[in-house]
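Please read its numbered points with the structure in view.

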Amino acid sequence: MGERKGLGWGDCRDLLLAGHAQLPGGRLVVVVWDRLNIHLQAEMTGFLAAHAGWVSVVWLPAYAPELNPAEGVWSYLKRTTLVHLAARGIDQVYQAVKHGLKRMQYRPGLLIGFLTETGLTWKNLRST
């Protein structure tokens with residue numbers, strides 16, 4: 001109990017520093033971020049400003065489901081697996097989502113469709 005359930009701005013900072021340390025010659029790190037609260041915290045924006053020489057952030061719009069294939073996944077789950085679910089607790093919701101995602105795993109056409117909706121493409125490496 002009392003354990004942290006997510007990442008903080010310091011975790012993001014440490015990840016960026018570790019990534020930068022792995023790049024030869026101190027190459028530029030480009031991060032594509034949504035507007036998660038930890039990305040916008042004063043400490044994080046201060047860190048980014050202080051290290052602007054090697055880290056650059058590209059911000060996604062505040063709400064851009066058309067750019068995120070995961071939005072299609074959640075929309076599909078809500079219209080199918082969860083549409084008539086009257087859950088008695090979070091564990092039941094968890095199990096329903098897990099089961100729905102497992103079923104999607106065996107429908108590659110559906111998953112490719114989620115990518116296609118964003119304008120992204122799936123290159124079938126086996127055919128090349």
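1. Glu 43 is found in helix H3; helices (H or I, at least four residues) and strands (E, at least two) are DSSP runs, numbered from the N terminus. Glu 43 counts as partly exposed because its relative accessibility is 40%; buried means under 20% relative accessible area, exposed over 50%, and partly exposed in between (1.4 Å probe, protein chains only).

2. The model is a predicted one, in which local features need pLDDT of at least 70 and side-chain atom pairs count only at pLDDT 80 or more, while totals for chains, interfaces and linings use all residues. Residues are numbered from 1 along each chain as its sequence is written, and side-chain values use heavy atoms, with hydrogens and water left out.

3. The protein averages a pLDDT (the predictor's confidence in each residue, from 0 to 100) of 84, and 90% of the residues score at least 70. Over residues 124-128 pLDDT stays under 50, and the model has 1 contact (heavy atoms within 4.5 Å) beyond four places in sequence for them.

4. The protein has 6 helices and 2 strands. Their order from the N terminus on is α-β-α-α-β-α-α-α. Of the 128 residues, 23% are buried.

5. How do helix H1 (residues 9-22) and helix H3 (residues 42-50) pack? Their axes are 9 Å apart and meet at an angle of about 20 degrees; axes are lines fitted to C-alpha atoms, for helices over the stretch in contact, and angles run from 0 to 180 degrees between N-to-C directions. H1 is therefore roughly parallel to H3, a term for angles under 35 degrees. On the H1 side the contact is made by Trp 9, Cys 12, Arg 13, Leu 16 and Leu 17, and on the H3 side by Glu 43, Met 44, Phe 47 and Leu 48. Two of these residues, Glu 43 and Arg 13, are 30 residues apart in sequence and 9.4 Å apart in space, C-alpha to C-alpha.

6. In helix H6 (residues 108-118), the buried residues are Leu 110, Phe 114, Leu 115 and Thr 118. They lie on the same side of H6, because they cover an arc of only 145 degrees around the axis, taken from the directions from the helix axis to the C-beta atoms. These buried residues pack against helix H4 (69-79) and H5. The face turned away from the buried side of H6 carries the exposed residues Pro 108, Gly 109 and Thr 116.

Key
Angles under 35 degrees count as roughly parallel, over 145 as roughly antiparallel, 65 to 115 as roughly perpendicular and the rest as oblique.
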